[in-house]
Amino acid sequence: AGPSDALYVLFAIHNLHTPSNLLGLFEANYGVGVILGLLIAAFCARRIGEVRLFWLSFLFWGSFMVLFGRTTNYLVGFALFFLLGFANAGINVVVGPLMIRATPRKFMGRVQSVMNPIITASSLLSTTFAGILASTVLRNLHVVTLRTTFGTLDTIFSVTGLIVMGAGVYAVIALRGVELPK
């Protein structure tokens, strides 16, 4: 999720009112979430299955991002940023094994040689797109609808979360009943 990587520092400062001396702690918190998430996701993948963990991780990550985008409290944001790292770990744990199990052996090299550039390019493009939106079209966004205020960064984060949740729903539907070779 490139937009969150590029803009979370600005979000933490402007929306969560994070003191600049706590930004490092804020980022480290995400890392702790990833590390703990990796340990637990490895266990969960065996218990509930890799496919289920894959789509659950997308749904949780997207939900946490929407909530993160809507919060203005430092402690709540801190906890949600930890949960974002935690949910991201589930995706990281199962993507490789799922790709290996779903790809015919004779195509494995080709598929693996394409995966990293595609992931890197999509992250670069989404980060660029989010930066352009934040600095141009959405620069001074301030909309109040149904007593809810939408600004530049929280809108980008919320839309990012909704897109990821959509990917999770798609994965639920597309992978329903799919049996991968062991």
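This is a predicted model: local features need pLDDT of at least 70, side-chain atom pairs count only at pLDDT 80 or more; totals for chains, interfaces and linings use all residues.
Local features require pLDDT of at least 70 and side-chain atom pairs pLDDT 80 or more, whereas totals for chains, interfaces and linings use all residues. Residues are numbered from 1 along each chain, and side-chain values use heavy atoms, without hydrogens or water.

Helix α2 spans residues 23-48. Helices are DSSP runs of H or I with at least four residues, numbered from the N terminus. The 26 residues of α2 reach 35 Å from first to last C-alpha, close to the expected 38 Å (1.5 Å times one less than the number of residues). The helix bends by about 25 degrees at L38 (the angle between axes fitted to the seven residues ending there and the seven starting there). Just after α2, G49 adopts a positive phi of about 100 degrees.

The whole structure holds 15 aromatic pairs (Phe, Tyr or Trp rings, the six-membered one for Trp, with centres within 6.5 Å; stacked under 30 degrees between planes, edge-to-face over 60, tilted for the rest). F68 and F81 are stacked, because their centres lie 5.3 Å apart and their planes meet at 25 degrees. F68 belongs to α3 and F81 to α4, so this pair ties together parts 13 residues apart in sequence. Both F68 and F81 are buried (under 20% relative accessible area, with exposed over 50% and partly exposed in between; 1.4 Å probe, protein chains only). Y74 and F78 form a tilted pair, with centres 5.7 Å apart and planes at 35 degrees. Y74 is buried at 17% relative accessibility; F78 is partly exposed at 21%.

Definitions and conventions. Helices (H or I, at least four residues) and strands (E, at least two) are DSSP runs, numbered from the N terminus.
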